[in-house]
Amino acid sequence: MPANRPATWDHEVDVVVLGTGGAAFVSAVLAADQGAEVLMLEKTHQVGGTTAFSGGVPWIPMNRYMKEAGIEDDRESAITFIKRLTQGKEPDPKFIDLFVDNGHVMIDYLHENTPVRFATPKGYSEYYGHLPEALKNGTRSLDPEPFDLNQVGEWGPLVRQNPVFPPLTLAEGGAVGGIDFMKIAERMENNIVTMGRSLIGALLKGALERGIDIQLNTPGKELVLDDEGKVIGVVAEKDGEKIFIGARKGVVLASGGFEWNQELIKTFLKGHVTHPMSPPGNEGDGLIMAMEAGAALGNMTEAWYYPTMQDPTFEYEDHVMNQTGGGRFGPNSIIVNKHGKRFAHEGTTYNDLPRSFFEYDPVALEYPNEAPNWMIFDQQLKDSQMIITMMPGEEAPEWVDRADSLRELAEKIGVNPDGLEASVARWNEHVENGVDPDFHRGTTHFENILGGGGNAEANLGKIEKGPFYAIPVHLGALGTNGGPRINEKGEVISLRGNVIDGLYAAGNAAMGILGPVYTSAGGTIGPAMTMGYIVGKEVGAKEAREIKEAEALAL
Amino acid sequence: MPNGTHTVELQVPIENIWNFVSDMNNWAPLVPGYIEHEILSEKQSTWKFKGDLGFMKKTVKLQIDILEWIEPSKVTFDLKGLSDNFTGGGYFEAEKITDAATRMTGHLDITAGGMMGAMINTILKNFVPETAQQLTEAIAGKINEIEGVTV
């Protein structure tokens, strides 16, 4: 239950923001710009949350950088495209309009009032570029410009870092191939960061310039409500001690998703996410606090899924790191289940492919594609692509299963050998014919996004040259996408449909406003920052509640 | 080339230091992130340890080949990655100051190769000297403990 009112507050501010990711920082900056005194509480020892760990790319229709690059876009096209993807499964269609109308305004605001700068990534396009409704001549994704982390002084080393993202922009190939390792070394020497670290670094600088107080290692634990159910403060924890923080205007839940909380995962998600890819602090703290305050929930069955792979020698914060992997778009690879059978187009987007893992067979009474599934590939792919941390031309490390025959490989990994042999034979037949009638490999844009879209030459290739390799593919998530239901101001709504006064939510801690849809690169951060912008303006401009001594002592 | 050298002075005779350092089994567990090692021959061994780079940890396996034993003052070795693409080497050197005091120096150099070499070497630039320092001090601490020297 929410905490009782304290006898006295340890601190009093206008706005308390829980979390330090993209949504949190944007809401804090906007609240401060309305004149509010803002305190940000970060659970972990570093700032940046899921955003710092990501590519830092927001997907924003009609943004200023597109215009500067000569990319045409309009409101109706953006809305039509989003609705084509949501298929009516968004929590409330008015949020689509809200996002499209406010996203580019948010980007303008950050450009004009903070050090945040983006560019339209050259040569990049939309994940669903093959759809008629998709933007055809560029992208709505925005690439953070390189940021000199020395600008935030002693805070620099405290900005969270994804160890597998080199300091290159999206356009420079930071996430997808084309890596210039000399440039990486030079930027590392000079403390120049890109992607999520750049976005958070710039937002952090903006926050510090405004005098926003940021407390690390200080998780928000409970909301404090008054007798009318209004949120009037937060109980946080610092060095094992409870601290009571009174909020004159409101509390913003922007503390990330619940992908590291197995109980919540099992309760809400269709698929059992076992390999989250975000920082381990995302345990649903905001969701739990909102539920305690009587919040209604929205979009709870959704996550930003990812088919993850692991290099077991590579750890992040005491966990083997779940990585993007690679190779599954490559011509000489397929993904099979425990029966040795293909079950989906392997090269679809990372948010789409894992949805095929949830299938239930009502006759066999099993989930045939439940992870781990297996990426099977041959020496040709090994020689041509970086797979997880394996470089082409270098010997495969000992943790990769391999064998001279497919049968031997199947037996080694516990997959049906007859099934695997048959699947590979059938795949090779499809390659021979230049078409995959089973799952349509080579037909979607995403699987060859840097090469103009999928095609037989790029995405279909025989698995025939030994040794053959197998890597487990786990069900991962970049974050979850459900949380307290919010209105168009970002205020949290109660189970009875009323506003919970003083409580706001944004980002992965809130209901995903576009439902299950991951529009393209930045489909998570774009809506999150947009709601952060709306929330920050709203809560910052709210009339401050007077904290009377008598009230604070009214236990 | 990422490298580091660290020197300590011990109030211990050089012979005692040599007795300790010349047997790998004595100091193997003192290597930062040590997991296991296997002595293959008098001059060759394999090692597994987990390197803590601050923002991540990486388990690596490497092979050590002893190049030279100069009793009681120096042992030099080469190293090469078995799990990852890197090479290097190092030495322990003991120098007599007095009959009861010795100067001990540890040196380590590691260079990553391959396509990612330039990037990894940037990371190793801090890691290697820190490891050289930690290992040298850990060995010194252990010798002091065995010899009953209080510092």
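In what order do the elements of chain B run from the N terminus on? They run β-α-α-β-β-β-β-β-β-α, a set of three helices and seven strands, where helices (H or I, at least four residues) and strands (E, at least two) are DSSP runs numbered from the N terminus.

This is a predicted model, in which local features need pLDDT of at least 70 and side-chain atom pairs count only at pLDDT 80 or more, while totals for chains, interfaces and linings use all residues. Residues are numbered from 1 along each chain as its sequence is written, chains are lettered from A and ligands numbered from 1 in the order in which they are written, and side-chain values use heavy atoms, with hydrogens and water left out.

**Chain B as a whole**

Chain B has a radius of gyration of 15 Å, which agrees with the value near 15 Å for a compact globule of 151 residues; the radius is taken over C-alpha atoms, and the globule rule is 2.2 Å times the number of residues to the power 0.38. The C-alpha atoms of chain B fill a box of roughly 50 × 30 × 25 Å along the principal axes. Of the 151 residues in chain B, 44% are buried, a class defined by under 20% relative accessible area, with exposed meaning over 50% and partly exposed lying in between (1.4 Å probe, protein chains only). Among the contacts in chain B with a separation of 6 or more, 49% are between residues 24 or more positions apart, contact meaning heavy atoms within 4.5 Å.

**Domains of chain A**

The domain assignment, which is automatic or from a database, divides chain A into domain 1 (11-300 + 481-552) and domain 2 (310-477). The contact between these domains takes 32 residues from domain 1 of chain A and 26 residues from domain 2 of chain A, and their C-alpha centres lie 33 Å apart.

**Backbone features**

Most residues other than glycine have a negative phi, and most peptide bonds are trans.

| Cis peptide bond | Omega | Loop holding the proline |
|---|---|---|
| A:Ala371 and A:Pro372 | about 5° | between β15 (333-336) and β16 (373-377) of chain A |
| B:Glu71 and B:Pro72 | about 5° | between β4 (57-70) and β5 (74-81) of chain B |

Positive phi values occur at A:Asn217, near 50°, and at A:Ile388, near 55°. A:Asn217 is placed in the loop between β7 (213-215) and β8 (220-225) of chain A and counts as partly exposed because its relative accessibility is 42%. A:Ile388 lies in the loop between α10 (379-384) and β17 (401-403) of chain A and is buried, with a relative accessible area of 5%.
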